[in-house]
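Here is a protein model to explore by question and answer. Keep the structure open as you read.

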Amino acid sequence: MNQKVTNGRAFRRFSAVTVIAVYLLILIGGIVRTTGSGMGCPDWPKCFGSWVPPTDVSQLPTDYKEVYAQQRADKNKRFVSYLTAFGFDELADQILNDPDILTEEEFNATKTLTEYINRLVGAVIGLLVFGTFVMSIRYWKSDKTITVLSFIAFVLVGFQGWIGSIVVSTNLLHWMITVHMLLALLIVCLLIYVYYRSKREILNLNLVGTGKLRAVLMICLIATLPQIVMGTQVRESIDLLSDHFARSEWISKLGMEFLVHRSYSILLLGLHLYLIWLLKLKKDTPKKLKLYGAIILWIVGAEVLSGVIMAYFGMPAAIQPIHLLLGTLIIGVQYYVLLLLGNKRVQTS
């Protein structure tokens, strides 16, 4: 078999596994938030100063709360200096004067293990993305973009790890969690594009007259992004409510952002139904594209259903991470189909 073909297939498989692994990490991150395990390890990258987390509070010094609160305070001062240097004085002041940021939680072995697993999976993702970059070097002569974007994805994973450390040091500061999520989406889209670009030589969809389809899908993609941001804001509000109210009361206590988030989902569902109608209306649409369109619709439908279950059945803990995962999956599939719609087969020698 042609060595070039074999190498290309190996790269595509590896990069596809990496994309799937990133989604797995997003799911685990959702579980961490749902179980309130985000501060299960009060330091980063270690957990209570060790690469192997403690299993009982007796393994910690009696003043562990003060110790780790002070460590976070020192780290936040450095972070605040960066914010100030870039002109974000208001945010810097918010961090310095928020007493809740330095509040240390009681040790909880289950939460510590949950957060530790999250970090282990994150480390594996880092290795996979680095592996994708290393394997992409073979494309340097034929398509430098693949190598460059793979390297950028690897750098962003490192930056994402740093952002994760800031999320911990600021005690899950709300807007930092939103930044963390948006950066994860950017990494996913970069990796999806790398996968697509390495595959486009063998794609032969023979697409013509897809301008309207691409426009509608682009609208769907752009419209989905603010929905995800609103979802993180609703989640931030729930984090605040969880300290004072029972789970069954959370929905009734949410404000306007939840009502907008809920109503906006109807608009998104309508847009995606229109997209599917266009795909079916176009007789020469390849079966693969119709399949991807159906997948998008099923995911959007499942996302709406999970939202309904949370809204009317007391916010079940098991549904929350699934709701998050489905939202990010929508973006990923939308983006990949958008790339396919713009595909023009590359002639190679």
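Q: What volume does the largest cavity have?
A: This is a predicted model. A search of the whole structure finds 1 cavity of 30 Å³ or more. The volume of the largest cavity is about 50 Å³.

Q: Which residues line the largest cavity?
A: A lining residue has an atom within 4 Å of a cavity point. The residues that line the largest cavity are Met39, Gly40, Phe48, Glu105, Glu106, Phe107, Asn108, Lys111 and Thr112.

Q: Is Thr328 buried or exposed?
A: Thr328 sits in helix H11, residues 319-341. Buried means under 20% relative accessible area. Thr328 has 1% relative accessibility, so Thr328 is buried.

Q: Which residues does Thr328 touch, not counting residues up to four places away in sequence?
A: Contact means heavy atoms within 4.5 Å. Leaving out residues up to four places away in sequence, Thr328 touches Tyr23, Ile26, Met181, Leu185 and Ile228.

Q: Which helix gives the largest share of the nonpolar patch?
A: The patch covers about 670 Å² of surface and includes Phe130, Trp140 and Phe151. Helix H4 (109-136) and helix H5 (144-169) each supply at least two of its residues. The largest share is 4 residues, and they come from H5.

Q: Is Val148 buried, partly exposed or exposed?
A: Val148 belongs to helix H5 and to the nonpolar patch. Partly exposed lies between under 20% (buried) and over 50% (exposed). Val148 has a relative accessible area of 38%, so Val148 is partly exposed.

Terms used:
Residues are numbered from 1 along each chain as its sequence is written. This is a predicted model: local features need pLDDT of at least 70, side-chain atom pairs count only at pLDDT 80 or more; totals for chains, interfaces and linings use all residues. Side-chain values use heavy atoms; hydrogens and water are left out. Patches are made of residues with over 30% relative accessible area and no salt bridge: like charges are joined within 9 Å, nonpolar side chains (Val, Leu, Ile, Met, Phe, Trp, Tyr) within 5 Å. Accessible areas come from the Shrake-Rupley method with a 1.4 Å probe; for residues, only the protein chains shown count as cover. A salt bridge is a side-chain nitrogen of Lys or Arg within 4 Å of a carboxyl oxygen of Asp or Glu. Buried means under 20% relative accessible area, exposed over 50%, partly exposed in between (1.4 Å probe, protein chains only). On a 1 Å grid over the protein atoms alone, a cavity is a set of points where a 1.4 Å probe fits but cannot get out, and a pocket is an open set with protein on both sides within 12 Å along at least five of seven lines; lining residues have an atom within 4 Å of a point. Grid points are joined across faces, edges and corners, and a volume is the space filled by probe spheres set on the points.
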